[in-house]
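Could you open the model and follow along with me? I've jotted down a few points that I'd like you to check by eye.

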Amino acid sequence: MTTRVFLFLQGPHGPFFHRLGRQLRATGAQVWRVGFNAGDRAFWPDAAHYLAFDRPQAEWPDFLGELIDRRTVTDLVLYGDARPVHAQAVRIARARGLTVHVFEEGYLRPSWVTYERGGANGNSRLMRTSIADMRATLSTCDAATPRPPGAWGDMRAHIFYGALYHGLLMLGRPAYPHFRPHRAIPPGRELGLHLRRLVLMPLHALRRRIASRRLRRAACPYHVVLLQLSHDSAVLSHSLFSTASEFVQAVIEGFARGAPPHHHLVIKAHPLEDGREPVHKDIRRIARDEGVSERVHYLSGGKLGPLLDEARSAVTVNSTAGQQALWRGLPLKALGAAVYGKPELISDQPLAAFFRAPDRPDAAACRVFHRYLLATSQIPGGFYSTRGRRRLLRRIVDLMLAPDDPYDAVLAPAASSRQQVRLAG
């Protein structure tokens, strides 16, 4: 049997990739890690299997190609496939016939992680799979639906590991002089934003409670806008927007032109919003310019479920949170490429018409899509909390070692049953 050789690139902040590599090594596989900065190095304590890339960015493709050949790499493992070093790596790996394992935040957040092969988000196989195909696949299998936990407590740990990662990155810059982050702001600014977010969490929570209470007491119908982070690769790579403010501009203009005059608009920030862009100020300015200042409200995070329970509709670029609207049967408008961007699920109306009288999703199609995700790419657990990692690691190694892609594996039980029938006959 050929020994599997796994090459890890950048992962989620924290110890998840190291723990995963350790478990893969226990199966007899070889595991290596390429690090691009001191943050990557700190979260990979296994120095014997760590390879530093401390060269200019232009040398990365040749470095990776030589490394794959020298170590006879069979599998590439990465978190997110859109950042430049990962996008280049995926192309190189495919050309050499490697299996590409892509991790992402769960499409069914917050209690799942996404695991796919070849690509995620706009590069996912889901983009090419119709609801009819999903329904046909599910009809041939009896996949058990995993149950999520009540809560993982990931958010505080997520922010903490982000701050620690960027702090370590700053301290170790001399060892990686050519490193350039895939985000637009410098690492020092990134560190400051994480620390500020940690310190101000209690104040933000108080502000959210006040704003949410005010909204609940009001008797006005409202629509929800689900903001994403401006540096989110799903926004930058799979939509026409380059900033959150551009998206907000389009939405508020559509709301002002189409929504009934007694309807309101609630714009909810992403839970990890750190203020790197003046989105709140832009919202106030745009709403004022459109003459709807008294009808537009901003919430700095908070729980989404109760907000959607009373909403008339939801609008997003392509946030995974859009699926919480679909679960509730709410009309949903997505302005970017999304894995749930199926004609049965999202509206194709112009924004003004959507706010005036939004089309509802097909409830049966929503159930099919949800079941299909749970049967394929969604793994219970999380990257950041100890309990979340523990549950994730119990399942993910076997999935990575399996010969079938998660979307093909769901067909395996039915194929096996048919084979058994043929043998018995």
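Here are my notes, point by point.

1. First, a reminder: this is a predicted model. So treat each value below as something computed from a prediction.

2. Let's begin with helix α14, which covers residues 363–375. Does its length make sense, or what should we expect from 13 residues? At 1.5 Å a residue the helix should span 18 Å, and its end C-alpha atoms are 19 Å apart, so the two values agree.

3. Now look at how α14 starts. Aspartate 362 caps the N-terminal end of the helix. One of the side-chain oxygens of aspartate 362 sits 2.9 Å from the backbone nitrogen of alanine 364.

4. Which residues of α14 are buried? They are Ala365, Cys366, Val368, Phe369, Tyr372, Leu373 and Leu374. The cover over them comes from several places, including β6 (112–117), α5 (131–139), α12 (322–327), β12 (378–380) and α16 (406–409).

5. Pick out Tyr372 from that group, because it has a relative accessible area of 4% and buried means under 20%. Tyrosine 372 and tyrosine 407 form a stacked aromatic pair, with 6.0 Å from centre to centre and 15° between the planes. Why is this pair worth a look in the sequence as well? Tyrosine 372 belongs to helix α14 and tyrosine 407 to helix α16, so the pair ties together parts that are 35 residues apart in sequence. Tyrosine 407 is buried too, with a relative accessible area of 4%.

6. The side chains of serine 377 and tyrosine 407 make a polar contact at 3.2 Å. Is serine 377 buried or exposed? Its relative accessibility is 0%, so serine 377 counts as buried. Setting aside neighbours within four places in sequence, serine 377 touches Tyr107, Val113, Thr114, Tyr115, Glu116 and Tyr407.

7. Tyr115 also turns up in an aromatic cluster, together with Phe8, Phe16, Phe17, Trp44, Tyr79, Phe103, Phe383 and Tyr384. How many aromatic pairs does the structure hold? There are 22. One of them joins phenylalanine 16 and phenylalanine 17, a tilted pair at 6.0 Å centre to centre and 45° between the planes. Both of these phenylalanines are buried.

8. Last, two arginines to find. Arginine 41 lies over the face of tyrosine 50, 5.0 Å from the ring centre. Arginine 71 lies over the face of tryptophan 32, at 4.0 Å from the ring centre.

Terms used:
Residues are numbered from 1 along each chain as its sequence is written. This is a predicted model: local features need pLDDT of at least 70, side-chain atom pairs count only at pLDDT 80 or more; totals for chains, interfaces and linings use all residues. Side-chain values use heavy atoms; hydrogens and water are left out. Helices (H or I, at least four residues) and strands (E, at least two) are DSSP runs, numbered from the N terminus. The expected span of a helix is 1.5 Å times one less than its number of residues. Buried means under 20% relative accessible area, exposed over 50%, partly exposed in between (1.4 Å probe, protein chains only). Contact means heavy atoms within 4.5 Å. A polar contact is a pair of N or O atoms within 3.5 Å; within protein, one must be able to donate a hydrogen and the other to accept it, and residues adjacent in sequence count only if both atoms are side-chain atoms. Rings of Phe, Tyr and Trp (its six-membered ring) pair if their centres lie within 6.5 Å; planes under 30 degrees apart count as stacked, over 60 as edge-to-face and the rest as tilted. A charge sits over a ring if NZ of Lys or CZ of Arg is within 6 Å of the ring centre and within 35 degrees of the ring normal.
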